[in-house]
Amino acid sequence: MIRAGRLLKNGTGIMSRIARPLLARSSVQRSSYQSGPDSSEKETIVKLLYNIGSKKEVEQYLRHFSSVESQKFAVIKVGGAVISDDLATLASALTFLNRVGLYPIVVHGAGPQLNKRLEAAGIEARYEDGIRITDGRTLAIAREVFASENRKLVEALERLGTRARPITSGVFVADYLNREKYERVGKIVRVNRDVVESSIRAGCLPILTSLAETPEGQILNVNADIAAGELARVLEPLKIVYLNEKNGLYHGTTGKRIETIHLDEEYEDLLKEPWVRYGTKLKLKEIKELLDTLPRSSSVAIISAEHLHKELFTHSGAGTLIMRGHRLFSEQDLGAVDLDRLGALLGECDPSISSGQSTAASCWQRLAQVKSDGGQYWVYGDEPYQVAAVVTRAKGQSVSVLEKFAATKAAVLGNITDNAWKLVTRDHAQLVWTVPRGDDSLAWHFERAEGSWTLGEDIVFWYGIGDWAQIARLIGARTPASRGPPGSRAYSTLARGAAAVPRFGRRGYATGPALRVGLIGARGYTGRELIKLIDSHPRFELAYVSSRELAGQPVPGYTKSQLSHVNLSAAEVGSIARGGRQAVDVWILALPNGVAAPFVDAIDAATSGIASAQQQPIVVDLSADYRFDATGRWAYGLPELHRKDLVGWRSGRIANPGCYATGSQLGLAPLLPYMDMGRLPSVFGVSGYSGAGTKPSPKNDPAFLADNIIPYAPVNHIHEREIGHSLTRIARPRYSLDNPLMVQFTPHVASFFQGIGLTLHVPLRQSMSAADVHEVFREFYAGERLVHVTREAPLVRDNAGRHYSVVGGFAVPPVSGGEMGSASLAARRVVLNVTLDNLLKGAATQAIQNMNIAAGIDEYTGIPIPEKPVISQA
C-alpha cells in the first residue's frame, strides 16, 4: 500500500509553483482593489488546495477558520530572515489565504537586516539575557530597517493584487522594560486592536512591525515574538503561526520533526529531555504561557512559508503544531471510566450507535465478555471526552483490535486524535481494525496504517504487522461471515460543529419506576398531544390532569389508568407539591401566556424546604412567561442548541420554546458564525390554525380562512424577541445583551390545521454556495434525531403529525462577479426552509424531550422517530 502521506509529500511545493503564475495573472486582471476575493478566483484557489489534502479536509478547515470574526483567524509572526530569503513564497502564501476570504495579521521582525546595517555603521550589536540592548543610534537604524522591510512585504503583496496596509506604529503601547539595563527596549502594556481591525474592515491585510511607543510617544524596540504573543492575547485567534526556515521543531535525539505537542499531556516530560535547553526551552515556556491565557481552541504552529497551506488545511499538517489539549487516560476497568460521557461520545460520533444498529451498553457487554474469556481491553480518552478509543486483545493473541475510535469535530480540528493515536500505538505494537469503504475519514486511516486490504464493502487496516501469513489469517478472520460484533467501525468525524455538545443523557434507560406527571391545562391542542405521548411513554404516567372546563370528565385517549380531569387551583398544586417527587415528579404547565406565575410560585414555596435537588419536582412551562428569565433558575428547553444547559439542571425549571421560535432558531443557529452582523435575518412564517388556540377567533375559523392567509403581529411578535434573545446567548461573544441579535419575523395563519412552514433569508459575511450551506447544516445536526437536513425544500404536509423538524431547500443568489453596493450585499445571503409540527416538536414533543433529559433518562424515550423524514417533491 502506498501511504497517503507519501502521495502528499511534495504537494505544497507543487501547489506553490502552480500558484505563483495564477496569482500573478489574477493581480493583472484586478483593475482596481476589491474588498474581498472574487468568487471564481476563490473557487480556483480552493481547488488548488485540494492538491495538498482531501476536499473534505480543506473545506472543513475553511469553514472552521471562516466561522470566527476576521481578526480571530491567525496572527502570523514572520522572522526577518523569511523576508530577506523567501519573500516571494511568503507573499504567495499570504495571498492564497486572503483569496479564500481569510485575513491573517502579520507581525514581522528584521533581526538579520538590522545586524547587517549596524555592522555597516560600525555599531556593535550587544545583547543581555538574549535581549538586544537598544541605544539611540541603534533605535534610529532599527526604525529605518523595520520601515524598509515592512514596505518590501507590502509591495510584494500588492504586486500579487492583495491589498495590504503597512502599520509601523500605533498598535503597541509599552513601558521601558529596564531602562538602565536594556535602554530603549519596551514591555508591552496595551494593544490598540482598533488599528488592526480598521485595516481588515477596509479589506487590507495588516502588516505590523514590532516597534512600540510609550504613552508619551517614545519609540521602543520589542522582540517580534513577544509582540505577536501580546497581540494574540488580545485578539484570541484560532492560530498563532511562527514562520521559520526549519519548518518546525526537531527532536534533538532522533533528528525528526516533532509533528504535535499537547502541552497538558507532554510539557513536563518534554522539559526533562536533555536536548530541550537554552532557546528551545525558552520558546516552549513562552508558548505554554501564551496558550494558557487563550481559549483551548487556539493553537501555535511553527512552519515554513512554503508549507503554511498544508499546516493550516490538512489533518496531517506539515510543521509542528502546539496546543494545550487535555490530559489523556488509559483504563483497563470500566469502573474507572465515566460511562455516561463515553456513551454520549459514542452515541454522537460512532455511526453504528448513533444510527441505532448498536448501543453503548452492548459495547460494555462485549468488553466484559472479552475479559471473562481471559482477554484484555483498554479504554483511552481525554478529560472532556472529545476523543475515545476502545481496544481489545483476545487471550493468547499478540495482535490487538481497535474496536472504536470516536472523535468530535473539535478533536479532529485540534489534532487531539493524533495524541490519542500515539497513546494507543505506544501500548499496542500490532493493531488491526475495519472501516467501511464509504467512511468520510478514510484518508486519516490510510495515513496511520501500514497496510490495508479491501474486503467487500470494508477495508481492513493493520499497523505493526510485517508477516504476510499473519496478515492473511487476520483478513480471513474478518470476512463478513465472521466480522464480530456490530459497531466495529473505527473512526468518524460526523460530530457537531464548534458549538458541539456531547449527547448527555443518551445512555439512559427506558425501564424503571414510573414517574408521575401533573398536567395543568389539558383542554388545549398541546395538552391533548401531551396526553397521547405520556400514554405511550414507558416511564411517565399521569397523576393529575387539570382543566377548569373539563373537570369531572374522563381523560380521553389515556389507557394506563382510569383518570378524570380535575380543576386544581394554584394553592392546591402547592399543597400536592409539598410531597416533592414522592407526590409528582414532573409538573407541566400548558397554560396561556401570563397565567403560569401563581402555579410556579406555589410550587416554589411548597418545595423550598426540600434540600435535595433529586427530590425537587421538575417544572416544564409551555408558555412564554419564563423564556426570558434573568434569575438563572430557568433553563431554555431547546435541546439541540442548549442541551449542555439542560443536563443536570439543578432547579429543574425548564421554559419550553415557542413553535415559531423553535423552527426559526434551528434554521439560524448553524449560520451564526457566518452571519453579517450589520444586517438582519428575516423569517416569513405560516402556521396552521391550531396555533391560534381553541378560543374562537378569525385566526382559527376554517370558514374565514378558506382560500385565505392572514398576517398578524407584523412587528414585535413575542417569538421575534424570543428568537433573538435565545440566539444571542449561544452567539456570544459576537453578540451580547448590550448588542443582541435581532431578527425580522412576520407570522401568518393559513387554512390547514397543524404544521409550520418557515422561509428564512440570512445575510452572510461572505458568499457561500448552496452545497457549502448544506454541509454546514449536515455537520451541525449530525446525530440529532429530531432534526433532519435535506437538499429539497420540505413541505408542511409532510411534516404535520410528525415529531421532527426538517431543514432544507438551501438556495443562494447567482453571483456574476460584478455586483457592487446593495447588489453585492443582496448576493451575500442564503435562503432556506424549515418545517415542523407546531403541536409536536414546536410544543408537546419538545416538552417530552426536556422531561426525559431532566429526569435523567434517554432523551428520545417515548418519541416515535422514523429513520428518514417524509419528503415529497414540491
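Me: What makes two strands count as paired?
Reply: Two strands pair if DSSP finds at least two bridges between them. Strands (E, at least two residues) and helices (H or I, at least four) are DSSP runs, numbered from the N terminus.

Me: And what is the basis of the model?
Reply: This is a predicted model, in which local features need pLDDT of at least 70, side-chain atom pairs count only at pLDDT 80 or more, and totals for chains, interfaces and linings use all residues. Residues are numbered from 1 along each chain as its sequence is written, and side-chain values use heavy atoms, with hydrogens and water left out.

Me: How do strand 32 and strand 35 pair?
Reply: Strand 32 (residues 756-763) and strand 35 (residues 829-836) run antiparallel, over 8 bridges. Within this pair, T759 stands opposite N833 of strand 35.

Me: In what order do the strands of the sheet lie?
Reply: The order is 30-31-29-32-35-34-33, an open sheet of 7 strands with mixed pairing. Strand 30 (709-711) and strand 33 (787-789) are the edge strands, each pairing on one side only.

Me: Which helix packs on the sheet?
Reply: Helix 26 (residues 659-668) does, touching strands including strand 29 (682-687) and strand 31 (744-750). Contact means heavy atoms within 4.5 Å.

Me: Changing topic, which residues touch the most others in the largest nonpolar core?
Reply: They are I76, L90, F172, L208, L231, L243 and L308, out of 51 residues. A nonpolar core is a set of buried (under 20% relative accessible area, 1.4 Å probe, protein chains only) Ala, Val, Leu, Ile, Met, Phe, Trp, Tyr and Cys residues joined through side-chain atoms within 4.5 Å.

Me: Which helix gives the largest share?
Reply: Helix 6 (residues 87-99), with 6 residues.

Technical notes. Axes fitted to C-alpha atoms, helices over the stretch in contact; angles between N-to-C directions. Buried < 20%, exposed > 50% of the residue type's maximum accessible area, 1.4 Å probe, protein only.
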